[in-house]
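Subject: A structure for you to explore

Hi there,

Here is the structure I promised to pass on to you. Have a look around it first, and then read my notes below.

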Amino acid sequence: MVRLTDILEKVKSYHPAADTDLINKAYVYSSRMHEGQLRKSGDPYFIHPLSVAGIIADMKLDAASVCAALLHDVVEDTGATEKDISALFGEEVAFLVDGVTKLGKINFTSKEDQQAESFRKMLVAMARDIRVLLVKLADRLDNMRTLEHMKPEAQERIAAETLEIYAPLAGRLGIQWLKSELEDLSFSYMYPDAYIDLKKKTTKVVKDRERYIIETTHKIEKMLIERGFAVDVKGREKHLYSVYRKMRQNNCEFEQIYDYVAFRIVTESVSDCYAALGVVHSQWTPIPGRFKDYIALPKPNLYQSLHTTVIGPGHKRIEVQIRTREMDRTAENGIAAHWQYKEKTGGLDAKDAARFSWLRQMMEFQSDVQDPAEFIDSVKGDLFHEEVYVFTPKGDVKVFPRGATPIDFAYSIHSDIGHHCSGARVNAAIVPLRYQLRNGDTVDIMTSPGQQPSKDWLEFVATVKARSKVRTFVRAEERKRSVKLGRELLEREMHKRDMSFARIVKSGDLDSVIGKLRDVGSIEEMYAQIGYGKLAASEVVKELLPADASAPMPENLKPGFIERTVRRVTGKDADTSIRIADLDDVLVRFGACCSPVPGDAITGWITRGRGVTIHRRECRKAMELDPERRIAVSWSTGSKVDRPVSLRVVTANRPGILARVSAEFTERGVNISEANCRTGDDGRAVNLFQFAVSDVARLRLLMRSLQKIDGVYEVVRV
């Protein structure tokens, strides 16, 4: 257990002038406010904020950050308010605490929306002060270290969120040790069998590896010191999740991972880095295409180093990283290294802010995207990628996710350039807009005044900014069409009742109707909702009729008539597996693009003439729809409806493996309705299985069982 004295000693060691009295005060206050509260493990809750403060001290952050760590849960979990924190500990600490505090007192349509909006709130605060994110990462790390006390479904959900968002964020900030630990902890809960299996395999070879690392380290030191270099050389095994990820990317076994060990050479200067690289390459044969110069072209997270892979001692592949001492400190601690000895420096200095431009881009993006599901999905996509470095015609370097296209490049310059992008020249040759940029490309964008974004662009753009701008434009055009259609439908409805649309609009009667309709704030909004299918034109007409009108409304003018007619014609009964907010008797259909299963997080989208379409929340097709069509939906309690599912199972191409996989389906009581199997030249087989299941828990159990089979590389829901 972490003790306050340990924290204070750490803080004094790197910041002698720190306000330790304030830390003591925060310790006492947090301890008193959390008194009587227990964690899932049964331990006093206060152990958690104390542990988070210890992690913050390990990062060598200032006193305000340590105080925020001690206090980060008091507003959320006790009777304390933000005003109390501000009065007792100052505005700086109060701001940090508020940035980390979840949005728990606002009603959201789903838990996922609440999580997304809490993350958005943290992002806004983070852009003002990066320490908000550092405290949140420390909080997440301690929660992951004690995750064994949670229920299995909660473990899987929290681990997935950590792997998809928080570990990549730690990587973006350059805090490598934190990223690695978060990844390994998440790996152990998301894929427990694969984790245990890989740990056993690494343990078996640990003695040989340790001996090899020691011997190779001495060889590197000797050959560099003999040539006059002052260096430190360290060898290490790569962390488990990075090995597992490499196995999945290459679809290979652990025994086929050759550069499992890496060696780090720390030199005195940049010139020594390049000179040491020459010595290494003169002694051992470099692997073509495996050299990367992150000193000349630093990563967006400030990381700088030379990377090369060579055939080392014993004819084994080894990775060698060469960097200066300052680069090494930044490589381990990232942006946290830049906070040492600084006081009250809310934001980053100009140089660091330029390198962390992705923070500004995320801020701009979050203000454009209103839908929580779309926001969190896009953040995941933007964080979790490899980089590609390209050049502008003037020679400036731009960094993009791998798979980026000229459209992404155009939007990175300016939104108008992106909107009117009609073509591109890459290395002086005209390329299609779908062309994927490669390291070293020089890109020149061509524009045309008549060019407009196309919905097809969403199929190949890779950056959050480009995707957001294209979606916004496409939705604006769709809204214009919906407003026009809604006006026409209302006019047609009035004509059936012998009502003059022009006279009613001119008289202002429509304005009086607006206040009587739910979620309608203007006439244009009313037209749009009619056009979208969220509001029946007959409802508006009904509000315009005199109160004493005794004639009953014709059946074909009543809301829900189209849907009921569709059901009668097609013979479909109401789908009792889905609950729709504030609506009854509405036709429900499931998106074929994502095939939701009871238990999946879902969202509904109104489709004119076809009722409500149900998608999984993470469905990319649903993200392209207009958020104004979105409606809150949920599975009915105890819903057990068989839904079609497809799994892609990548296996080794060897006799008996398909029979073993099929047998696993049978053992789990799942009937395969269709199978498509094909083999490749790389010794792999890609198998697509289609079947039906009644709940997502059963599906996850099947997927975990398939992953345990020897020779199965990947199991993915498609």
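Let's start with Phe665, which is buried, with a relative accessible area of 0%; "buried" means under 20% relative accessible area, "exposed" over 50% and "partly exposed" in between, using a 1.4 Å probe and protein chains only. Phe691 also counts as buried because its relative accessibility is 3%. Before going on, please note that this is a predicted model, where local features need pLDDT of at least 70, side-chain atom pairs count only at pLDDT 80 or more, and totals for chains, interfaces and linings use all residues. Residues are numbered from 1 along each chain as its sequence is written, and side-chain values use heavy atoms, leaving out hydrogens and water.

**Aromatic rings**

How many aromatic pairs does the structure hold? There are 13. Rings of Phe, Tyr and Trp (its six-membered ring) pair if their centres lie within 6.5 Å; planes under 30 degrees apart are stacked, over 60 edge-to-face, and the rest tilted. One of the pairs is Tyr29 with Phe89, edge-to-face, at 5.6 Å centre to centre and 70 degrees between the planes. Tyr29 belongs to helix α2 (residues 20-33) and Phe89 to helix α6 (residues 82-89), so this pair ties together parts that are 60 residues apart in sequence. Helices (H or I, at least four residues) and strands (E, at least two) are DSSP runs, numbered from the N terminus.

Elsewhere, Phe187, Tyr191, Tyr195, Tyr241 and Tyr244 form one aromatic cluster.

**The nonpolar core**

The largest nonpolar core has 75 residues, and Ile23, Leu71, Ile85 and Val93 touch the most other members. Such a core is a set of buried Ala, Val, Leu, Ile, Met, Phe, Trp, Tyr and Cys residues joined through side-chain atoms within 4.5 Å. Helix α10 (residues 152-172) gives the most to this core, nine residues. Beyond its neighbours within four places in sequence, Leu71 is in contact (heavy atoms within 4.5 Å) with residues including Tyr29, Ile85, Phe89 and Val93.

Which strands form the open sheet, and in what order? The order is β13-β15-β14-β16, with mixed pairing; two strands pair if DSSP finds at least two bridges between them. β13 and β16 (630-631) are at the edges with a single partner strand each, so one side of each has no neighbour in the sheet. Strands β14 (residues 602-606) and β15 (residues 612-616) pair in the antiparallel sense over five bridges, and Ile602 has Arg616 in β15 as its bridge partner. Val588 is in strand β13 (residues 588-590) and counts as buried at 14% relative accessibility.

Enjoy exploring!
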